[in-house]
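Thanks for asking me to look this one over.

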Amino acid sequence: MTPSQTWQYPQLVAHRGGGSLAPENTLSALRAGTQFGYKMAEYDVKLSKDGVAILLHDAALDRTTNGKGAAGDLDFAALATLDAGSWFAPSFAGEAIPTLGAIARYTQAVGMASNIEIKPTPGLETVTGMRVAELAQTLWSGVSPPPLLSSFSLESLRAAKQAAPSLPRGWITDTLSAGWQQALAELECVSLHLKHTLVTKALIAELRNQGLRLAVWTVNDPVRANELLGWGVDAVITDAIDRIHPK
């Protein structure tokens, strides 16, 4: 597939499901994105100790749950008992860490596209990339558009390519060091996911010439979002889902 064939995604993407309006990477976050008209969400996926794909950004549980230590050290049965909502607001008390399967069911039910960021526990880049890609291929079988897999980890993306070569991939980076074009080509990525402050019109033109798409993160100023869309970026990932509105 070419990038033009695989890029069927909305221009606005809700960061971690619900941006700043709900506890990140939860079903409540996805519902918030839906409430504000978002048709695509970005969220982070890693593995429990027993290989269950769960939504969580950090390697550690401490910031966004009442748990302690590394999520990858616990089986899903233990993770399922944690509160992933109270840290954000009392009204979200009891919010669970969702599985990728639960998110697949919800997003497909409401017609929301997915950008699955593969967020491996350090040291588990390959197994996480492979497992998440395999699950995504199964859970979204026959669904259009397919989930877009992205990661900062080149190892995870290599594993995802091996496990599910037909799923589109995007490389996330906050720097454009020498060799970035080769990395995208090797992994057969359809998109570059770049920190928005690094975007220039010349870069957009270069990517277009290579047949690649550009997603930018994390843009929370409506003026800046409109500017970047005017330049021709393909997707803007935002926390400000109540101020940056899908058209």
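Which residues does UniProt list for "domain: GP-PDE"?

1. The unreviewed UniProt entry gives residues 10–247 for that domain; the positions follow the numbering used here, feature names are shortened, and annotations may be inferred rather than shown by experiment. The C-alpha atoms at the ends of residues 10–247 are 10 Å apart, and the span is 32% helix and 18% strand.

2. A word on the basis: this is a predicted model, where local features need pLDDT of at least 70, side-chain atom pairs count only at pLDDT 80 or more, and totals for chains, interfaces and linings use all residues. Residues are numbered from 1 along each chain as its sequence is written, and side-chain values use heavy atoms, leaving out hydrogens and water.

3. Do look at helix 8 (residues 201–209), where Leu-203, Ile-204 and Leu-207 are buried. Down the helix axis these buried residues fall within an arc of 100°, so they line one face of helix 8. Here the arc is taken from the directions from the helix axis to the C-beta atoms. Buried means under 20% relative accessible area, exposed over 50%, and partly exposed in between (1.4 Å probe, protein chains only).

4. On the face of helix 8 turned away from the buried side sit the exposed residues Lys-201, Ala-202 and Asn-209. The buried residues of helix 8 pack against helix 7 (180–186), strand 7 (191–195), strand 8 (213–217) and helix 9 (222–231), with contact meaning heavy atoms within 4.5 Å. Helices (H or I, at least four residues) and strands (E, at least two) are DSSP runs, numbered from the N terminus.

5. Just after helix 8, Gly-211 has a positive phi of about 75°.
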